[in-house]
Amino acid sequence: MALVNRQNNLFAAEDWKVAYKAFSEVNFQAYDFDTIREALVEYVRVNYPETFNDYTESSEFIAIIELLAYLSQTLTFRMDLNSRENFLETAERRDSVFKLARQLGYNPRRNIPASGLMKVVAINTNEPLRDSLGNDINNTNIFWDDANNPDGYEQFITILNAAMNSSNRFSTPTKTGTVGGIVTDIYELNTPLTAPVAYDFDLSVAGTSRSFQIVNPTIKEGTLNELHPDRLNNFNIVYRNDATGISSINSGFFVMFKQGRLQSTDYNYTDPLQSRTQEISLADINETDVFVQEIDGNGSTIAKWTQIPNTVGQTLNYNDLAFGVRTLYSVENLNNAGIKLRFPDGNFGDIPFGTFRTYYRTSDPESFALAPEDARNVKVVIPYENTEGVTYNLTVTFRLQETVNNSLAPETLTAIKQRAP
C-alpha cells in the first residue's frame, strides 16, 4: 500500500486524484509579486506545517519563496503580454498588428506620394529650327501664352512637333480622354532608348528638401496614371483644353510628377518555385509604384506582369478568367520597412522563371502640402531624336498651378485596428 501511494505521489500526472487535489489548492488569483508570495507561504503552511515553520523575513526559506514569486510574476507578465498580442484590439507591437490584419485579409497601406500635373510654361531646344517667318528659334526660351511675342504659340508648337514622333504631331494625339471633366490628350516625344524612364528634380517644400520626378503618363479609366517603366516606351506629355483659352491654368501642355525616387532591382529565378515570395527590404516604398517585368539578357522587357490586390494565404487565388492574364503578382506591406512580392502557384497563374526587374519608388512617409510658390520655373532636359535620327535636347520649364495635398503618411496602428475587421 505504501508503494502504491509513493508511486502515485511520484507520478501525479498519471493519477487524476492527485492532480485534482494539487490544483484545487492552487490560488489562481495570485498574479503579482505580493499575492504570489502570500499564496506560496500559505500553501507551505497548510501542506507542510511541521517541515517548514521558519517564516521570519531573514530566513533562507523566505528568500527562496520571494525568488520564486519574482520569477512567477515575470513569467505571468510576459504570458499576459504575449496573449494580448494575439488579439487585434489589444495588440500594441506593430509587427503583431500587421500579421493579425493580414490574417483578416487586410493589407495595411503604405505611404502615398504627392502627385499631379505641372504646366509647361517654356521650352527650349538646341536643334537648329526656324519658324514660318524664317526666325531662328533654337537655343531660345519660347514661352506659352507670351503677350510680348505674337509668334510665340506657333514657335512653341514648332519646337514640340520637332521633338514628337512623326506620326504624333500636335492635333494627332496617341490617346484622348476626359480627366476631371477636361479633354486630355497624350503626345509622345521621340525619346531615344538611352533616355531615362523618369526625370529627377528637387524642391524645397516649407523649408524641407524633397525629391520629385517627372513620370511617363497615360490615361486609364478617366484618370492619369504612370506607365509601366520601360525604356522602349516614348516619353509622354499631356495636353489639356478646358475651352476657356490658353491663359487658363487648365489649358496647355503639362507634365506629370510624383514625389520620390524610382529604383530597380533585378532577380534571377533559375528554379520554377511555386508560390514564390521575394522580399525587398527598403523603407518607405510607397503604395502605388511597384512594377514587375520579365527581361532578357540585354535588359529589354519581355513581359510586364500585372499587380493584383493582396490575397489571403500562400497562393494567388486569381485566374486568367478574371484578368485575362496569368502573369500576376501581389505586394505585401512588411511593416513599412519593405515589401514582399507574392507570385502564383502555377494553377491560378504563371510561376516566375528567368530574370525579373522590379521597379519601386521610395517617397517621404508623411503628409504635406505642395504650394505653387514651392514649384516655380522648374527645369528638366529631355533628349529626343529628330526625323533624321539625330539626338537633341528639349529643355522643359514648368510650374505648379494649384496646391497639391494628396500625399499621405503610412496607415497608423489605430487606423489598421479600425479598418481591418
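In the classification applied to lining residues, Ala, Val, Leu, Ile, Met, Phe, Trp, Tyr, Cys and Pro count as nonpolar, Asp, Glu, Lys and Arg as charged, and the others, Gly among them, as polar. The structure is a predicted model, in which local features need pLDDT of at least 70 and side-chain atom pairs count only at pLDDT 80 or more, whereas totals for chains, interfaces and linings use all residues. Residues are numbered from 1 along each chain as its sequence is written, and side-chain values use heavy atoms, with hydrogens and water left out.

Grid points are joined across faces, edges and corners, and a volume is the space filled by probe spheres set on the points.

Three cavities of 30 Å³ or more are counted by this rule. The largest cavity has a volume of about 130 Å³; among its 17 lining residues, Pro196, Val197, Asn216, Asp230 and Asn233 are the closest to its centre. Its lining comprises nine nonpolar, five polar and three charged residues. The second largest cavity holds about 40 Å³ and is lined by Val120, Leu160, Leu189, Ile237, Val255, Ile382, Leu394 and Val396. These lining residues are eight nonpolar, no polar and no charged.

Helices (H or I, at least four residues) and strands (E, at least two) are DSSP runs, numbered from the N terminus. At least two lining residues each are supplied by strand 7 (217-220), strand 8 (223-226), strand 10 (252-259), strand 13 (285-295), strand 15 (306-307) and strand 16 (328-333). Strand 13 provides the largest share, five residues. By class, 12 residues of this lining are nonpolar, 11 polar and seven charged.

The second largest pocket has a volume of about 460 Å³, and of its 19 lining residues Val26, Asn27, Ile36, Ala39 and Leu40 are the closest to its centre. Helix 3 (33-47) and helix 4 (60-84) each contribute at least two residues to this lining, with the largest share, eight residues, coming from helix 3. The lining contains 13 nonpolar, four polar and two charged residues.

Helix 3 and helix 4 pack at an angle of about 135°, with their axes 8 Å apart; axes are lines fitted to C-alpha atoms, for helices over the stretch in contact, and angles run from 0 to 180 degrees between N-to-C directions. The two helices are therefore oblique to each other, given that angles under 35 degrees count as roughly parallel, over 145 as roughly antiparallel, 65 to 115 as roughly perpendicular and the rest as oblique.

Definitions and conventions:
On a 1 Å grid over the protein atoms alone, a cavity is a set of points where a 1.4 Å probe fits but cannot get out, and a pocket is an open set with protein on both sides within 12 Å along at least five of seven lines; lining residues have an atom within 4 Å of a point.
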